[in-house]
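Here is a friendly tour of one protein model.

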Amino acid sequence: MSSRHHWDPHVQRWATALLLAAPVVIALTIGPYWSWTALVAVLAGIGLWEFQSMVFQRGLPFWWQAFYVATGLLFPLGASGLGPIGLHGALFLVLFAAFSTTLFAAPTDSGGISRAARFVLGWLYVPYLLSYVLLIQPLSSGNRWVFFALLITIANDACALYSGKYFGSHKLYPQVSPNKTIEGSLGGVMGGIVVGTLFGSLFLGAVPIKWLILLSLILVIIGQIGDLIESLTKRLCGVKDAGNILPGHGGILDRLDSLLFVFPVVWFFLHWIDYP
């Protein structure tokens, strides 16, 4: 009897990508703002679960796991409710919570500071960065800017994959990601710039083309570095994938890695150019 485990990995990758894209596209095009919040919260929650599975390989008691995931959701809730003030208010609250729980719940635990530090790293890495999506959406053409970031990242990943597959011969950073090549990286850069500039010219006409090219280049580079950061995290933790929830891709973090640092850059860029 056939199953998804017998599919060609390439087919699995594309089938999963299309299924994952459906709720994202619906939320971006016709979904109300609360659907954005719900989507970010779900992705952040799964991402946090995967992150704690990597960095706490001996496991955590259930109540620590529940505290870790629930506290991380303060970021999307804060960003959704109060914008930038809410997001950075959540940052204060989670830092306070990390130390307070160690102080009152485990004052004699010699591993308390190490656990708190890994909690904070996970909160900053996943829900904090991802919640910038909820700061972009209320801006003028916010939906289109999120599409812009997504399309550049998808083009970067796809062009890097196929450029590396057919033309790759020089390793990019074998100590961290042995399969990535310089040719693949350059293909991703070119693909991301072309897609970003075309989309921006068609749907973000108020922005000069020189800024679209520059921003596309920056996002591609940031995305590739974000990918390497997650590869480094997995390598240091001794795991191949962050999870197994997505056939052909691994875990949610394996798909978000290029995007996590991209969304804040878009938000800061829009404020830098004083976008309405």
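## Lys-180 and its partner

Lys-180 is partly exposed, with a relative accessible area of 25% (buried means under 20%, exposed over 50%, and partly exposed in between, using a 1.4 Å probe and protein chains only). Lys-180 forms a salt bridge with Asp-227, and their closest N and O atoms are 3.5 Å apart. A salt bridge here is a side-chain nitrogen of Lys or Arg within 4 Å of a carboxyl oxygen of Asp or Glu.

This pair links distant parts of the chain: Lys-180 sits in strand E2 (residues 177-181) and Asp-227 in helix H9 (residues 209-237), 47 residues apart. Helices (H or I, at least four residues) and strands (E, at least two) are DSSP runs, numbered from the N terminus. Asp-227 is buried, at 16% relative accessible area.

## How to read the model

This is a predicted model, in which local features need pLDDT of at least 70 and side-chain atom pairs count only at pLDDT 80 or more, while totals for chains, interfaces and linings use all residues. Residues are numbered from 1 along each chain as its sequence is written, and side-chain values use heavy atoms, with hydrogens and water left out.

How many salt bridges does the structure hold? There are six. One of them joins the side chains of Asp-254 and Lys-234 at 2.9 Å, N to O. Asp-254 lies in helix H10 and Lys-234 in helix H9, 20 residues apart. Asp-254 is buried at 4% relative accessible area, and Lys-234 also counts as buried, at 11%. Together with Glu-230, these residues are linked in a network of salt bridges.

Arg-255 and Asp-157 also meet through their side chains in a salt bridge, 3.8 Å from N to O. Arg-255 belongs to helix H10 (residues 252-256) and Asp-157 to helix H7, 98 residues apart. Arg-255 is partly exposed, at 23%.

## A nonpolar patch

Leu-172, Tyr-173, Ile-182, Leu-186 and Met-190 make a nonpolar patch of about 470 Å². Such a patch joins nonpolar side chains (Val, Leu, Ile, Met, Phe, Trp, Tyr) within 5 Å, from residues with over 30% relative accessible area and no salt bridge. Strand E1 (171-173) and helix H8 (182-203) each give two or more residues, and H8 brings the largest share, three. Met-190 is found in helix H8 and counts as exposed, at 55% relative accessibility.

Key:
Patch = residues over 30% accessible without salt bridge, like charges linked within 9 Å, V, L, I, M, F, W, Y side chains within 5 Å. Areas by Shrake-Rupley, 256 points an atom, 1.4 Å probe, with all protein chains shown as cover.
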